[in-house]
Amino acid sequence: GCVNIKRHANGKEAGVNHKRNQFRCQVQKFREKIESEKLAFADSLSVRAVEGAINHLQIEFRERVYTPWVTLWLFLFQILSRGSCADAVSRLIVDLVCRNKPPCSPQTGAYCEARSRLPEEFYQYICQTLGYDSLQQAPTEWKFFGRNVKVVDGTTVSMPETEDNCAEFPLQYPSRAGISFPLARLLVMFSLSVGTVLEVAISPYRGKQTGEYALLREFRKAFEPSDILLGDAGFCSYCHIVELHQRGVDSVVKAEHSRLGNLVAVKQLAKHDVLYRWPKPKGKPDTFGRSEFNALPDEILVRLVTVRVDQPGFRTKQFDVLTTLTEHKKFRASDLANLFRRRWYAELFIRDIKVALGMDQLKCQTPEMVRKEIHAHLIAYNLVRIQIAQAAHLAGVLPEQISFTSSLNTILQFQAAFQQMSKHAIACMLATISQRRVGKQPDRFEPRAVKRRQPHAMLTKPRAELRNMLLENDLELTT
């Protein structure tokens with residue numbers, strides 16, 4: 001018995017040593033690639049990139065402690081670490097002391113003023129630069145038949161109930177002032193291959209020209225010929241699809257039959273795969289002008305691919321995918337079904353931004369700073385996604401196979417050495433990220449409910465009103 005136990009222990013130790021040596025070899029392999037060839041996705045955010053944004057936008061600033069680079073760096077640190085303004089200033093003091101420079105004041109006023117001095121276009125430019133640069137460097141095998149797929153999806157974020165915020169962004173429940181929050185609607189465009197944010201449109205939660213249809217038109221210049229729009233049923237619109245198709249952009253969306261009108265069957269391409277003529281609707285949408293609507297063709301050729309879902313537990317059993325990719329021999333029905341299934345990654349990307357980075361509940365007190373905070377969150381998200389793409393490229397896997405939250409935690413552990421990271425440290429960080437794989441959960445489904453209860457009751461009246469009620473009760477008890 002002792003011999004068997006010893007053998008088992010030795011075998012376990014040998015297995016641990018084997019994994020340790022395997023990881024060391026991977027780190028060395030990553031380092032050799034970094035030193036021998038130009039690293040894909042490298043220099044994602046450097047002083048040079050910030051200087052490029054400053055020169056492009058012609059931003060003037062004085063040499064002081066909070067330069068645009070330092071301000072952006074602290075803002076991103078604050079978001080990634082889920083900290084406060086005081087935490088960001090403390091991080092700057094530590095950095096100055098480590099470089100034998102005099103520390104700055106621990107007060108947060110100068111830092112907050114520096115954030116507000118930078119224009120919204122600065123944060124927007126940095127976010128778009130990171131997104132589009134990473135998309136251009138994406139390997140061809142990550143794309144759909146060599147074409148870039150841009151997936152769009154909408155969401156909302158809340159913010160403090162200040163007078164300025166309420167003036168621009170309406171309350172979620174206008175009749176419940178004091179216990180509700182202002183909401184902003186976001187429409188986000190992601191690169192499906194890399195996962196980075198390319199564009200974002202921000203509008204009030206309700207009102208005219210604030211829906212996803214209207215916001216999608218702000219992305220017209222963001223689409224290039226041969227791009228593919230991937231979206232849910234909310235983007236099944238004749239006018240939008242035709243307008244993009246005239247620019248060489250194809251669409252793959254979930255069909256909304258109430259908007260399709262009287263489709264005319266042209267040809268049965270295969271079982272559950274039919275070619276139709278989609279006639280132009282009679283009514284003009286509010287997002288299009290009369291001249292724009294009249295210039296659209298009277299009909300367009302589309303495909304409807306019926307997708308059956310036989311997985312137990314899935315809510316949808318059957319739906320149709322509408323697309324302008326009519327070449328059925330090149331783009332098979334199964335390819336389109338698999339592509340549309342990947343649309344779910346947009347939901348996961350938004351979850352990473354809102355939950356892992358905390359963008360669900362914004363903290364800024366004015367609409368201008370709210371928009372800057374949104375773009376700063378997207379910059380931080382893009383930086384993490386770029387590191388994931390870098391690790392995936394070196395490891396020979398897809399970015400979607402690597403966990404965002406685990407990668408974020410790994411980057412935070414390395415962030416203290418970001419200023420002087422050697423090539424070996426970078427290789428070690430990327431090799432560690434490449435091991436943070438998403439667990440194998442094929443066709444996982446869960447009830448939309450949480451088990452743990454909240455420790456506090458929900459606020460049912462404005463806080464000031466409840467505070468006065470508590471004071472009145474105390475006075476009655478004392479008298």
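Phe122 makes contact (heavy atoms within 4.5 Å) with Val50, Ala53, Ile54, Leu57, Ile59, Pro68 and Leu72, leaving aside its neighbours within four places in sequence. This is a predicted model, with local features needing pLDDT of at least 70 and side-chain atom pairs counting only at pLDDT 80 or more, while totals for chains, interfaces and linings use all residues. Residues are numbered from 1 along each chain as its sequence is written, and side-chain values use heavy atoms, with hydrogens and water left out.

In soluble globular proteins, nonpolar side chains tend to be buried together.

Now for the helices, which are DSSP runs of H or I with at least four residues, numbered from the N terminus, just as strands are runs of E with at least two. Helix α6 takes in residues 120-136, 17 residues in total, and spans 25 Å from first C-alpha to last, close to the expected 24 Å; that expectation is 1.5 Å times one less than the number of residues. Buried here means under 20% relative accessible area, with exposed over 50% and partly exposed in between (1.4 Å probe, protein chains only). In α6, the buried residues are Phe122, Tyr123, Ile126, Cys127, Leu130, Gly131, Ser134 and Leu135.

Lys372 sits in helix α13 (residues 367-395) and is buried, at a relative accessible area of 1%. Its side chain reaches the backbone oxygen of Ser116 at 2.6 Å. Beyond four places in sequence, the contacts of Lys372 include Phe75, Arg115, Glu120 and Tyr123.

As for the sheet, nine strands make an open, mixed one in the order β3-β2-β1-β4-β5-β9-β8-β7-β6, where pairing takes at least two DSSP bridges between two strands. β3 (197-204) and β6 (264-270) stand at the edges with a single partner strand each, so one side of each has no neighbour in the sheet. Strands β1 (residues 149-158) and β4 (residues 228-231) run parallel over three bridges, and Lys150 stands opposite Leu229 in β4.

How values were computed:
Polar contact = N/O pair within 3.5 Å; in protein donor to acceptor, adjacent residues only side chain to side chain.
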